[in-house]
Amino acid sequence: MERFQDDDAGYERWLAGHPDLYVLNTTRTPTPAYLKLHRATCHTIAGVPARGVRWTGEYIKLCGTRAELEHFARTQVGGEVSPCGNCR
């Protein structure tokens, strides 16, 4: 699992190299209230940011397998991921 915070270039390189994996979008300090799980190919977490100019500023991206990200959410944050409705 890789964490991207204040590193849009690294995040975009990761997306390009791992289209078969997943991205957990969450706040800078992850909380159970917002743990959105996306496929790496989801249009809502790639390209031009819809809200602002950066991907890894206000929100961070945790990237890896679905199992890794679900495990992180449960054990490190105390919550469950919420799958993206656009890319499930």
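Select F4 and show what surrounds it: setting aside neighbours within four places in sequence, F4 is in contact with G10, Y11, W14, T56, I60, K61 and C63. Keep in mind as you go that this is a predicted model.

Now colour by secondary structure, and you will find F4 in strand β1. Is F4 buried or exposed? With a relative accessible area of 6%, F4 counts as buried, because that value lies under the 20% cut-off. For a sense of distance, pick A16 as well: F4 and A16 are 12 residues apart in sequence, and their C-alpha atoms are 14 Å apart in space.

Next, move along to D6, in the loop between β1 (2-4) and α1 (8-17). The relative accessible area of D6 is 44%, so this residue is partly exposed. Look at its backbone too: D6 is not a glycine, yet its phi is positive, at about 55 degrees. Most residues other than glycine have a negative phi.

Then turn to the inside. In soluble globular proteins, nonpolar side chains tend to be buried together.

Zoom in on L15: apart from neighbours within four places in sequence, L15 is in contact with V23, A40, I45 and A46.

How values were computed
Residues numbered from 1 in each chain as written. Predicted model: local features only at pLDDT ≥ 70, side-chain atom pairs only at ≥ 80, totals over all residues. Heavy atoms only, no water. Helix = DSSP H or I, 4+ residues; strand = E, 2+ residues; numbered from the N terminus. Buried < 20%, exposed > 50% of the residue type's maximum accessible area, 1.4 Å probe, protein only. Contact = heavy atoms within 4.5 Å.
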